[in-house]
Amino acid sequence: MRRAEGAAAAPEIVQVGGVSIDIGRREVRVHDEPVAFTTKEFDLLRFLGERPGLALSRQQILDGVWGYDWYGDARTVDVHIAQVRKKVDTAVKIETVRSVGYRLDPK
């Protein structure tokens, strides 16, 4: 029992702008207020939040969030990005990188 208690890892929290992503609890806080995210929206925000400032292609996002074996339209990313943008509002900016994909602005 003692070993199990000592082995507990600290919760990992990704902080980007006014958004806090608690990976262990699968919770998102926008300006310290909890906001409900679907599973894919959470995974998408986490993926972008762990790579702030990087321009990621739709394919990179699909592979990282949906998995390599996912079969479907790459425009699915656009729909999910739109939903995440609505929920984070101005707390963090998700920029469209023309002809590439998206970038989460770390400011």
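**View 1. Residue H31 in the loop between β3 and β4 of the predicted model.** H31 is found in the loop that links β3 to β4, the latter spanning 33-35, and the model in which this residue is shown is a predicted one. The backbone of H31 has a phi near 50 degrees, which is a positive value in a residue other than glycine. With a relative accessible area of 52%, H31 counts as exposed, because the exposed class begins over 50%.

**View 2. Residue R26 in the loop between β2 and β3.** The loop that holds R26 runs between β2, which covers 19-22, and β3, which covers 27-30. Here too the residue is not glycine and yet has a positive phi, with the value for R26 near 55 degrees. The relative accessible area of R26 is 40%, so that R26 is described as partly exposed.

View 3. When residues up to four places away in sequence are not counted, P52 touches L104 and P106. The C-alpha atom of P52 is separated by 7.7 Å from that of V16, although the two residues are 36 residues apart along the chain. P52 is partly exposed, its relative accessible area being 37%.

**View 4. The aromatic pair formed by W66 and W70.** The count of aromatic pairs comes to 1. The ring centres of W66 and W70 are 6.1 Å apart and the ring planes stand at 50 degrees, so the pair is classed as tilted; the reasoning is that planes under 30 degrees apart would count as stacked and those over 60 as edge-to-face.

**View 5. The charged end of R51 over the ring of F47.** In this close-up, the charged end of R51 sits over the aromatic ring of F47, at a distance of 3.8 Å from the centre of that ring.

**View 6. The side chain of K87 over the face of F37.** This view concerns a lysine and a phenylalanine, with K87 lying over the face of F37 at 5.3 Å from the ring centre.

Definitions and conventions:
Residues numbered from 1 in each chain as written. Predicted model: local features only at pLDDT ≥ 70, side-chain atom pairs only at ≥ 80, totals over all residues. Heavy atoms only, no water. Buried < 20%, exposed > 50% of the residue type's maximum accessible area, 1.4 Å probe, protein only. Contact = heavy atoms within 4.5 Å. Helix = DSSP H or I, 4+ residues; strand = E, 2+ residues; numbered from the N terminus. Phe/Tyr/Trp six-rings, centres within 6.5 Å; stacked < 30°, edge-to-face > 60°. Lys NZ or Arg CZ within 6 Å of the ring centre and 35° of its normal.
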